[in-house]
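Me: Got a model I'd like to go through with you. Can you take my questions as they come?

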Amino acid sequence: MRIEVDRDLCEGNAVCVNLVPHLFELDDDDYSVVKMDPVPIELEEQAARAVAECPRTALKRS
């Protein structure tokens, strides 16, 4: 699984960072960044939850 961040939608709410800090971080501009591509299989379930709970739907699975 891969996850893409739509920087036009991301507001830096950090929901994804709080849910899966091993996978997401905020950059200097407070946009979410995916730290691992592809997502390791052991984090896929948590990553899917982060995608589902993103308040701005800025995360997309591909």
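Reply: One term to begin with: contact means heavy atoms within 4.5 Å. This is a predicted model, where local features need pLDDT of at least 70, side-chain atom pairs count only at pLDDT 80 or more, and totals for chains, interfaces and linings use all residues. Residues are numbered from 1 along each chain as its sequence is written, and side-chain values use heavy atoms, with hydrogens and water left out.

Me: What is L59 in contact with, leaving aside neighbours within four places in sequence?

Reply: I3, E4, V5, C16, F24, S32, A50, V51 and C54.

Me: And the largest nonpolar core, how many residues?

Reply: It has 16. I3, L23, F24 and L59 have the most contacts inside it. Such a core is a set of buried (under 20% relative accessible area, 1.4 Å probe, protein chains only) Ala, Val, Leu, Ile, Met, Phe, Trp, Tyr and Cys residues joined through side-chain atoms within 4.5 Å.

Me: Which element gives the most to this core?

Reply: α2, with three residues.

Me: What does M1 touch, not counting residues up to four places away in sequence?

Reply: P38, V39, E44, A47, A48, R61 and S62.

Key
Buried < 20%, exposed > 50% of the residue type's maximum accessible area, 1.4 Å probe, protein only. Helix = DSSP H or I, 4+ residues; strand = E, 2+ residues; numbered from the N terminus.
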